[in-house]
Amino acid sequence: MKFNDIPLYASPELGRKVVDYSEQHSTPIPSHISDFHQSIVDSRDDSEYMSSNFQSQFHHILAKIANAKRVLEIGVYVGYSAMVWANAVGPDGLVTGLEYSGEYAKIAEESFAARGIKNVEIVVGPAADTLPKLNPSEPYDIVFIDADKTGYPGYLRQLLQGSQPGSSKRLLRPGALIVSDNVLRRGLAADINALGKDVDESTLKMAYAVKEFNELTLANPRLETFLMPLWDGLSIARLVD
């Protein structure tokens with residue numbers, strides 16, 4: 001399209017059909033992973049913490065395009081997205097997950113074991129504490145941020161601080177991708193008043209945090225970034241050096 005503001009589809013109903021069509025015409029997530037996704041949707045009231053299968057199809061091919069073998073995930077929940085990354089990097093790759101909740105981590109580890117997934121490790125604790133303590137034998141190719149939104153600006157600063165140019169020990173390799181979810185926060189990042197006056201304080205704090213994160217990624221000369229207005233906003237930043 002020539003201009004950004006022209007509606008692509010004639011109605012919201014057609015838009016939903018287009019999304020369904022696009023999902024059906026993209027390489028599917030392996031059934032043991034998509035079945036796990038459905039089981040969490042059916043059994044847990046907090047399943048909105050998961051990414052959709054459609055978004056995860058994008059994550060999967062993104063990892064393949066980047067030829068990623070090592071992925072760092074900040075925010076594991078019960079393990080669904082880690083399974084997606086683990087499948088993408090293959091059995092000789094590695095996914096390191098940072099998860100605040102010991103309960104979530106236990107469910108995730110049990111789910112990995114039940115499906116024979118052996119290339120994921122989970123570090124339990126606040127990511128703000130565990131992230132700077134990581135000492136990977138090789139730098140990561142991709143980091144996926146999908147945790148507490150108020151922590152996003154801090155996680156970005158820690159990732160960049162831990163990946164200094166010329167350092168022999170760094171978290172992210174030159175050219176690594178920083179993939180960050182929910183950076184539009186229901187549109188509030190673009191218009192903080194979009195949902196009216198009934199927005200709770202916690203939601204506003206998260207919205208202001210992702211706004212700050214988006215500004216930081218754009219302003220930092222070490223990053224090349226693209227913000228996709230899909231799902232709840234997906235930011236992809238490339239570490240130049």
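## Surroundings of Asp-141

Leaving out residues up to four places away in sequence, Asp-141 is in contact with Ala-68, Lys-69, Arg-70, Arg-173, Ala-176 and Leu-177. The model described here is a predicted one. Asp-141 belongs to strand E4, which covers residues 140-145. Its relative accessibility is 10%, and Asp-141 is therefore classed as buried, the cut-off being under 20%.

Lys-69, one of them, lies in the loop between helix H3 (53-65) and strand E1 (70-74). Arg-173 is also among the residues that Asp-141 touches, and strand E5 spans 172-181.

## Salt bridges

How many salt bridges does the count come to? The count comes to eleven. Three of them are described here, including one between Lys-69 and Asp-92, whose closest N and O atoms are 3.3 Å apart. Lys-69 sits in the loop between H3 and E1, while Asp-92 sits in the loop between H4 and strand E2 (94-99), so this pair ties together parts 23 residues apart in sequence. Lys-69 is partly exposed, at a relative accessible area of 34%. Asp-92 has a relative accessible area of 60% and is exposed.

Arg-157 and Glu-212 form another salt bridge through their side chains, with an N to O distance of 2.9 Å. Arg-157 is in helix H7 (residues 152-161) and Glu-212 in helix H8 (residues 201-219), so the link joins parts that are 55 residues apart in sequence. Both ends are partly exposed: the relative accessible area is 45% for Arg-157 and 36% for Glu-212. A further salt bridge pairs Arg-44 with Asp-46, and here the closest N and O atoms are 2.9 Å apart. Arg-44 is partly exposed, with 22% relative accessible area, whereas Asp-46 is buried, with 15%.

## Helix H4 and its burial

Helix H4 consists of residues 80-89. Nine of its ten residues are buried, so H4 is largely enclosed by the rest of the structure. Those buried residues are Tyr-80, Ser-81, Ala-82, Met-83, Val-84, Trp-85, Ala-86, Ala-88 and Val-89. After H4 comes Gly-90, which has a positive phi near 85 degrees.

## Packing of H4 against H2

Helix H2 (residues 31-43) packs on H4 at an angle of about 170 degrees, and the two axes are 10 Å apart. An angle over 145 degrees counts as roughly antiparallel, and H2 and H4 are therefore in that class.

On the H2 side, the contact involves His-32, Ile-33, Phe-36 and His-37; on the H4 side, it involves Tyr-80, Met-83, Val-84 and Asn-87. Sorted by class, this contact has five nonpolar and three polar residues, with no charged ones. Of the H4 residues named in this contact, Tyr-80, Met-83 and Val-84 are among the buried residues of the helix.

## Packing of H4 against H3

The axes of H3 and H4 come within 9 Å of each other and cross at roughly 30 degrees. Since angles under 35 degrees count as roughly parallel, H3 is roughly parallel to H4. Their crossing is right-handed.

Which residues make this contact? From H3 they are Asn-53, Ser-56, His-59, His-60, Ala-63 and Lys-64, and from H4 they are Tyr-80, Val-84, Trp-85, Asn-87 and Ala-88. By class, the contact of H3 with H4 has five nonpolar residues, five polar ones and one charged. Tyr-80, Val-84 and Asn-87 take part here and also meet H2.

Arg-185 is not a glycine, yet its phi is positive, at about 50 degrees. Arg-185 lies in the loop between strand E5 (172-181) and H8. With a relative accessible area of 19%, Arg-185 is buried.

Arg-186 is found in the loop between E5 and H8. Its phi is near 60 degrees, again a positive value in a residue other than glycine. Is Arg-186 buried or exposed? Arg-186 counts as exposed, at 56% relative accessibility.

Technical notes. Residues are numbered from 1 along each chain as its sequence is written. This is a predicted model: local features need pLDDT of at least 70, side-chain atom pairs count only at pLDDT 80 or more; totals for chains, interfaces and linings use all residues. Side-chain values use heavy atoms; hydrogens and water are left out. Axes are lines fitted to C-alpha atoms, for helices over the stretch in contact, and angles run from 0 to 180 degrees between N-to-C directions. Helices (H or I, at least four residues) and strands (E, at least two) are DSSP runs, numbered from the N terminus. Angles under 35 degrees count as roughly parallel, over 145 as roughly antiparallel, 65 to 115 as roughly perpendicular and the rest as oblique. Contact means heavy atoms within 4.5 Å. Ala, Val, Leu, Ile, Met, Phe, Trp, Tyr, Cys and Pro count as nonpolar, Asp, Glu, Lys and Arg as charged, and the others, Gly among them, as polar. Buried means under 20% relative accessible area, exposed over 50%, partly exposed in between (1.4 Å probe, protein chains only). A salt bridge is a side-chain nitrogen of Lys or Arg within 4 Å of a carboxyl oxygen of Asp or Glu. A crossing is left-handed if the near helix is turned anticlockwise from the far one by less than a right angle, and right-handed if clockwise.
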